[in-house]
Amino acid sequence: SLTVTKDMIFEIKGSEKYIEEDNLAPQDVSGIATALAWTSIGGETLLVEANMTKGKGGIKLTGSLGDVMKESVDVALTYVKNNSEKLGINEAVFHENDFHIHVPSGATPKDGPSAGVTMMTALISLLINKPVPNTLAMTGEASLRGRVLPVGGIKEKVLAARRLGVTKILIPDRNKKDLEDIPDNLLEKVDVVLCNSMSQVISEAF
């Protein structure tokens, strides 16, 4: 009989093409939120990090990202500015600082609107200085007025969240039908919350 070892697999297949990273966010750190994304190799989790430095209100996005994600960060900043009073944010912060949104795993190209909700949440977390629980992940496109719009790949995203140990997932309410494709035994292990607005997302995140 033949015993297959990890060394034998490495010799046959060569080095790993993709390395799944531990994307669980650090605890009690504001300005970080976990996004659920769909890629050509399935669902994955992405950390969205927000930070600011002294400046004049500029915004920068990094992390090997496509044009759609770059648009999402502009939408996120506009929403947060327009809702600063309701969120308890001093408007002066937008004129005295530059903002930087970073999505690590830079070697993997990423695009699409699915991280829009997460970008808004990370920015809000930074500005109100409240951390997002690292057992919470989310997906959804966000509009300028704070609507949460449907996205694809829900089944793959839920699987990715469970692999990471996430216990609560926020998804657009218009993706409710996609939950029918997910086995009940998987859904029993995670709290899936349907959201149609950023106010709901904020309530769940903080």
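## Terms and basis

Two strands pair if DSSP finds at least two bridges between them; helices (H or I, at least four residues) and strands (E, at least two) are DSSP runs, numbered from the N terminus. This is a predicted model, in which local features need pLDDT of at least 70 and side-chain atom pairs count only at pLDDT 80 or more, whereas totals for chains, interfaces and linings use all residues. Residues are numbered from 1 along each chain as its sequence is written, and side-chain values use heavy atoms, with hydrogens and water left out.

## The sheet

An open sheet is formed by 7 strands in the order β3-β4-β2-β1-β5-β8-β9, with mixed pairing. Strands β3 (59–62) and β9 (191–195) stand at the edges, and because each has a single partner strand, one side of each is left without a neighbour in the sheet. On average, neighbouring strands of this sheet are turned by 25 degrees against each other, direction ignored, where axes are lines fitted to C-alpha atoms, for helices over the stretch in contact, and angles run from 0 to 180 degrees between N-to-C directions.

The pairing can be followed strand by strand. β3 and β4 run parallel and are joined by 4 bridges, and Leu 61 stands opposite Ile 101 in β4. β2 and β4 run antiparallel with 6 bridges between them, and here Ala 50 stands opposite Ile 101 in β4. Strand β1 (residues 32–39) is joined to β2 by 8 bridges, and these two strands run antiparallel; the bridge partner of Ile 32 in β2 is Glu 49.

Buried means under 20% relative accessible area, exposed over 50%, and partly exposed in between (1.4 Å probe, protein chains only). Asn 97 counts as buried because its relative accessibility is 9%. Leaving aside residues up to four places away in sequence, Asn 97 touches Met 52, Thr 53, Lys 54, Gly 55, Lys 56, Gly 57 and Gly 58, where contact means heavy atoms within 4.5 Å.

Thr 45 is found in strand β2 (residues 42–54), and at 7% relative accessibility Thr 45 also counts as buried. The C-alpha atoms of Thr 45 and Leu 159 are separated by 9.9 Å, although the two residues are 114 apart along the chain.

## Helices that meet

The axes of helix α5 (residues 116–128) and helix α8 (residues 198–205) come within 11 Å and cross at roughly 55 degrees, which makes α5 oblique to α8. Angles under 35 degrees count as roughly parallel, over 145 as roughly antiparallel, 65 to 115 as roughly perpendicular and the rest as oblique. The contact is made by Val 117, Met 120, Thr 121 and Ile 124 of α5 and by Met 198, Val 201, Ile 202 and Ala 205 of α8.

The axes of helix α2 (residues 67–82) and α5 come within 9 Å and cross at roughly 45 degrees, and α2 and α5 are therefore oblique to each other. Among the residues that make this contact are Met 69 and Ser 72 of α2, and Gly 116 and Met 119 of α5.
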